[in-house]
Amino acid sequence: MPRNASTRSRDGSRRRHASVLLLTCAAIAACVFAFASCSKKSSSDSGSESKPLVVGFSQIGAESSWRTAETKSIRDEADKRGIDLRLYDAQQKQENQIKAINSFIAQRVDAIILAPVVETGWEPVLMQAKAAGIPVILVDRGVKVSDESLYATLIASDFVAEGRMAAQWLAKALNGAGNIVELQGTPGSAPAIDRKRGFEEGIAPHAGLKITRSQTGEFTRAKGKEVMEAFLKAAPGQINAVYAHNDDMALGAIQAIEEAGLKPGTDILIVSIDGVRAAFEAMVAGKLNCTVECNPLLGPAAFDAVEKVLAGETLPKNIVVQDRVFDQSTAAEVIDSREY
Ligand code: AHR
């Protein structure tokens, strides 16, 4: 073959390869695009056109690291599922939560997720959501209403059981006798009411155990510290243990105890609830004795519930999150596996 002919043939074959490559790339790109739009549709579309689900989330605020972990879990899960999440932080005020729900109704969202700051006072706004045909999923805290059809389900821990577990651990550690001070959560909130009740039930069989002082620390570290300072001043040398309704208040109490020249975890035993990373660090350091887990990673369960209820399924009225007890004996071993 003449040199020119051979060069032409090589060029032709290169061009053919290039076009095949180009066509293959285009085909792959088209498949990826089709798959992406398909999966978006399946996760978010209930009608004919591809439109993401719109979900309003009325969150209480950011009072504790538990709350921050819950918000993140719900945000992350919404992102993962391609859901348009409208999140409103109520700054601890029920009136702000009611305003947010009214605004969700006006925006005609597909569903509402509500973490209610307190138990009572929800009936009128929940009735409005029901009248608008918008299902409400309660997360983390319950409400007191006369008609349970006002919400689709409540996904939460059993706060009474948590209080009982804390009491049982402490009763054993104190050999059934001692003065306990209690740091309560937000007044009127389900966890404050139920954790108090559960703890009282748990210590009831031990006549030597007494709650000598009890006050709200509003679930925050700063207020927990302030209240503990007052307790220590009012009853110097007379406190054997602290029961805090959450870890953040316990961490504040630890600071107050140290500033008073005492050793938290030794001079005064401390048991709390949540199981956040900082609590595990405090247990590893010997400053906190025990934490009862309360899992805040509610995003996956919340959006499963949203999708099921929008698909017409009836959900159980209460989906109970299972929790465990951790103390210093296992803290170092499990700390790295903690997700929040
Ligand atoms: O409702 C759950 C409680 O609220 C958590 O225990 C506490 O940390 C939070 O702020």
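The entries below take up the ligand, then the cavity, then the pocket.

Entry 1, the model. I note at the outset that I am working with a predicted model, and I read every value below as computed from it.

Entry 2, the shell around the ligand. I looked up which residues are around the ligand and found Glu63, Ser64, Trp66, Arg67, Asp140, Arg141, Pro191, Arg195, Phe219, Asn246 and Asp274. Sorting this shell by class, I get six charged residues, three nonpolar and two polar. I then asked which helices supply at least two residues of the shell, and the search returned α2, which spans 65-80, and α6, which spans 190-203.

I went through the side chains for N or O atoms close enough to count, taking 3.5 Å as the cut-off. Aspartate 274 has a side-chain N or O atom 2.5 Å from an oxygen atom of the ligand. For arginine 67, I find 2.9 Å between an N or O atom of the side chain and a ligand oxygen, and for serine 64 a polar side-chain atom likewise lies 2.9 Å from an oxygen atom of the ligand. I also checked the cover: on its own the ligand has 280 Å² of accessible area, and the protein covers 100% of it.

How many cavities of 30 Å³ or more does a search of the whole structure find? I found one, and I put the volume of the largest cavity at about 90 Å³. The ligand sits in this largest cavity. Its lining is made up of 13 residues, and those nearest the centre are Trp66, Arg67, Arg141, Arg195 and Phe219, each of which I had already listed around the ligand. Here too α2 and α6 each supply at least two residues, while by class the lining has six charged, five nonpolar and two polar residues.

Which element gives the most to the lining of the largest pocket? I find that β5 does, with three residues, and that β5 (153-157), α6 and β11 (318-321) each supply at least two. The pocket lining divides into eight charged, seven nonpolar and three polar residues. I note finally that α6 contributes to the ligand shell, to the cavity lining and to the pocket lining.

Technical notes:
Residues are numbered from 1 along each chain as its sequence is written. This is a predicted model: local features need pLDDT of at least 70, side-chain atom pairs count only at pLDDT 80 or more; totals for chains, interfaces and linings use all residues. Side-chain values use heavy atoms; hydrogens and water are left out. A residue is near a molecule or strand if one of its heavy atoms lies within 4 Å of it. A polar contact is a pair of N or O atoms within 3.5 Å; within protein, one must be able to donate a hydrogen and the other to accept it, and residues adjacent in sequence count only if both atoms are side-chain atoms. Accessible areas come from the Shrake-Rupley method with a 1.4 Å probe; for residues, only the protein chains shown count as cover. On a 1 Å grid over the protein atoms alone, a cavity is a set of points where a 1.4 Å probe fits but cannot get out, and a pocket is an open set with protein on both sides within 12 Å along at least five of seven lines; lining residues have an atom within 4 Å of a point. A molecule sits in a cavity or pocket if more than half of its atoms lie within 2 Å of its grid points. Helices (H or I, at least four residues) and strands (E, at least two) are DSSP runs, numbered from the N terminus. Ala, Val, Leu, Ile, Met, Phe, Trp, Tyr, Cys and Pro count as nonpolar, Asp, Glu, Lys and Arg as charged, and the others, Gly among them, as polar. Grid points are joined across faces, edges and corners, and a volume is the space filled by probe spheres set on the points.
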